[in-house]
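Student: I would like to go through this structure by question and answer. Please give the cut-offs as the terms come up.

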Amino acid sequence: MNDAAERCNLVPTSTHWGNYLVEVEGEHIVAVHAAVVDEETSAIGQVLLDAQDANCRVPQPMVRKGYLEKQWRSDGTRRGREPFVAVSWDKALDLAAVAIDHVRTQHGNESIYGGSYGWASAGRFHHAQSQLHRFLNCAGGYTSLANSYSTAALEVIMPYVVGMDGYTLVFQSPQMTDIAKHAKLLVCFGGIAMKNTQVMFSGVGAHTANDQLIGLKNKDIEFINVSPVKDDMADELNAAWWPCRPNSDVAIMLGMAHTLVTEDLHDKQFLKTYCHGFENFLPYLLGEEDGVPKDAAWAEGLSEISADDIRAIARSLVEVRSVIAISWSLQRAEHGEQSYWMATLLASLTGQIGLPGRGVAYGFGSVHNIGFAGRYLPNYKMGSLPQGSNLVERFIPAARIADMLLNPGERYEYNGETLVYPDIRLVYWAGGNPFHHHQDINRLRRAWAEPSTIIVNEPFWNATARHADIVFPCTTSVERNDIGGSSYDCYLTPMPQVVKPFAESRSDYDILSSLAERLSCGEAFTEGRDENAWIKKIYEDTRNNARSAGVTLPEFDTFWRAGAFSVENQVPALRFVIEKFRDDPDKFPLTTPSGKIELYSETVDSFGYDDCRGHPRWYDKEEWLGSDRAATYPLHLISNQPKL
């Protein structure tokens with residue numbers, strides 16, 4: 001913090017929706033101001049004014065009445081219905097420790113589920129999932145999760161297609177700074193929803209998305225919004241709106257691909273040099289395989305977008321320098337992986353993949369820094385709380401929690417493997433809210449009744465806390481010290497404690513340290529460090545890593561006083577994997593079996609899945625406006641993110 005900020009009682013902090021200066025009078029937050037560096041600050045930051053609202057905070061440890069009486073022998077169907085009883089910290093911690101020890105002793109650590117999915121705090125130390133996973137690993141391990149609700153289909157399919165993990169891929173999408181120089185057309189499946197660019201996991205130092213998009217418009221770059229929702233593209237961009245039938249994007253892309261191939265507009269040399277398996281896909285596209293050409297007229301019947309428009313925009317993709325953009329929303333649907341694979345194939349037909357500011361973008365309008373961070377990101381590893389090793393190998397995909405709880409012992413298919421759901425007896429959740437994320441809340445509530453014990457660390461009375469057995473009231477980010485920063489943003493931000501913890505709240509670290517002591521792993525969990533010692537260690541780890549990469553960070557005390565700062569002027573411009581591959585595919589092959597973009601994957605085909613074969617396809621949906629059921633149920637609800 002600078003001297004002026006100190007005199008005005010302004011305290012810097014970092015959140016998933018931006019950096020702010022929090023104004024304090026006495027023991028209360030009285031105002032939330034934009035950070036100096038952020039000219040497009042998000043209004044979401046004003047929620048910090050209500051961080052200590054007694055109407056929604058959990059004031060002290062709470063235990064469900066039936067659980068207090070019978071512990072793990074109580075009736076789980078009473079969760080969400082029975083009242084809670086306030087107890088002392090010692091009582092709640094003892095109950096939780098005994099339950100954890102009972103499960104790991106009687107059923108094994110794989111019967112503990114610690115997925116704890118959610119964003120929680122933007123801080124490096126008080127990151128709830130890291131805290132909980134470290135604790136559970138110290139206690140013998142737990143069943144974990146893989147992937148996420150946001151990008152699971154992308155995360156699983158794209159390593160087979162381009163040989164990159166999902167997060168490397170999305171952050172190496174064409175950047176707006178390059179698009180401004182090198183492109184004239186953006187065809188955006190799912191649009192570029194500006195409301196989503198308010199947020200960035202682990203924080204965003206400065207919001208620049210709006211200015212950058214307006215800059216593209218001022219350069220006469222054309223936008224097409226292929227989405228059922230017009231608001232998925234800002235009005236200021238004057239985008240052409242294609243109000244397609246929901247979930248029909250793959251059909252549209254196939255119709256565009258058919259146009260390019262049958263009109264001999266596709267880049268044959270690119271396909272030969274950089275791609276594998278186009279010849280396996282071609283019979284399907286042309287209808288030689290099933291008697292149904294996937295032409296623009298066929299796509300019109302599924303999407304309600306005119307065949308003439310589909311053909312015209314397909315031609316434009318190769319007539320001008322173009323980008324095909326696809327939002328995360330498309331993969332959060334049945335057969336969602338097909339959208340990403342097909343977008344990659346369509347962009348391959350144009351031959352523009354790997355050229356600066358062109359090709360295909362995975363996730364514009366999903367979080368801020370995809371496409372808007374530019375080529376400057378930290379070239380060093382950020383320090384973090386070590387999580388240790390998990391002795392339990394069992395895991396589930398994130399969105400299968402209800403399946404797991406309802407069907408212990410059942411076999412299921414995942415990514416080419418046959419796995420078995422574990423028998424979960426105890427769930428420990430910290431820093432997230434599955435009743436917000438999950439796709440069928442009523443089914444999740446039924447499943448949530450199955451475990452013997454559910455423990456939740458939570459500041460607020462959200463749905464997960466209300467369906468728990470033991471609720472530990474934890475602090476929010478303004479009630480503790482931390483550091484803000486990530487590998488996806490150049491800003492580092494000190495996060496001094498702004499106000500005292502609400503009522504009897506304790507940090508996740510303090511809660512889990514007390515539990516670890518009761519389970520005889522306290523020293524392993526804390527390593528003898530308190531909050532401040534861990535924060536300093538994490539910062540020094542970051543500083544040492546930065547020094548090795550040629551980046552200078554200030555000493556901790558200077559950093560803590562100075563406020564948020566950026567290392568952008570110290571880091572080199574990124575050279576993307578796909579660009580190096582485009583320059584020299586022999587020297588820089590992709591990590592796919594062929595070393596190329598796999599438009600057809602022998603590996604995926606070998607899995608034998610009826611709904612995901614060796615190349616992208618159109619699959620009919622169980623429920624959508626193109627199904628027979630739509631004659632009876634003609635409305636399709638799109639429950640996208642709110643603005644605030």
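Tutor: Start with burial: buried means under 20% relative accessible area, exposed over 50%, and partly exposed in between, with a 1.4 Å probe and protein chains only. This is a predicted model, in which local features need pLDDT of at least 70 and side-chain atom pairs count only at pLDDT 80 or more, while totals for chains, interfaces and linings use all residues. Residues are numbered from 1 along each chain as its sequence is written, and side-chain values use heavy atoms, with hydrogens and water left out.

Student: Is S327 buried or exposed?
Tutor: S327 is found in the loop between β12 (322-326) and α14 (336-350); helices (H or I, at least four residues) and strands (E, at least two) are DSSP runs, numbered from the N terminus. Its relative accessible area is 4%. S327 is therefore buried.

Student: Which residues does S327 touch, not counting residues up to four places away in sequence?
Tutor: Contact means heavy atoms within 4.5 Å. With residues up to four places away in sequence not counted, S327 touches F189, G190, G191, Y340, G363, F364 and S366.

Student: How many disulfides are there?
Tutor: A disulfide is a covalent bond between the sulfur atoms of two cysteines. The rule applied here asks for a pair of cysteine sulfur atoms within 2.5 Å. By this rule the count is zero.

Student: How far is the nearest cysteine sulfur from C275?
Tutor: C275 has a relative accessible area of 7% and is buried. C275 is in no disulfide; its nearest cysteine sulfur belongs to C612, at 18 Å.

Student: How many salt bridges are counted?
Tutor: Side chains of opposite charge can pair when their charged atoms come close. The criterion is a side-chain nitrogen of Lys or Arg within 4 Å of a carboxyl oxygen of Asp or Glu. The count by this rule is 28.

Student: How far apart are the closest N and O atoms of K230 and D235?
Tutor: K230 is partly exposed at 42% relative accessible area, and D235 is exposed at 54%. The two form a salt bridge, with the closest N and O atoms separated by 3.4 Å.

Student: How many residues apart in sequence are the parts that R245 and E304 tie together?
Tutor: The side chains of R245 and E304 meet in a salt bridge at 2.7 Å, N to O. R245 lies in the loop between β10 (240-242) and α9 (249-262), and E304 in the loop between α12 (296-303) and α13 (307-319), so the pair ties together parts whose separation in residues is 59.

Student: Is R245 buried or exposed, and is E304 buried or exposed?
Tutor: The relative accessible area of R245 is 12%, and that of E304 is 53%. R245 is therefore buried, and E304 is exposed.

Student: Where are E263 and R315, which link distant parts of the chain?
Tutor: E263 forms a salt bridge with R315, the closest N and O atoms being 2.8 Å apart. The two residues are 52 residues apart, with E263 in the loop between α9 and α10 (268-274) and R315 in helix α13.

Student: How do α9 and α12 run relative to each other, roughly parallel or roughly antiparallel?
Tutor: The axes of α9 and α12 are 8 Å apart, at an angle of about 170°. Axes are lines fitted to C-alpha atoms, for helices over the stretch in contact, and angles run from 0 to 180 degrees between N-to-C directions. Angles under 35 degrees count as roughly parallel, over 145 as roughly antiparallel, 65 to 115 as roughly perpendicular and the rest as oblique. The angle therefore makes α9 and α12 roughly antiparallel.

Student: Which residues of α5 are buried?
Tutor: Helix α5 (residues 152-162) is mostly covered, with eight of its 11 residues buried. The cover over them includes α6 (166-171), α14, β13 (359-362), β23 (597-598) and α25 (602-606). The buried residues are A153, L154, E155, I157, M158, Y160, V161 and V162.
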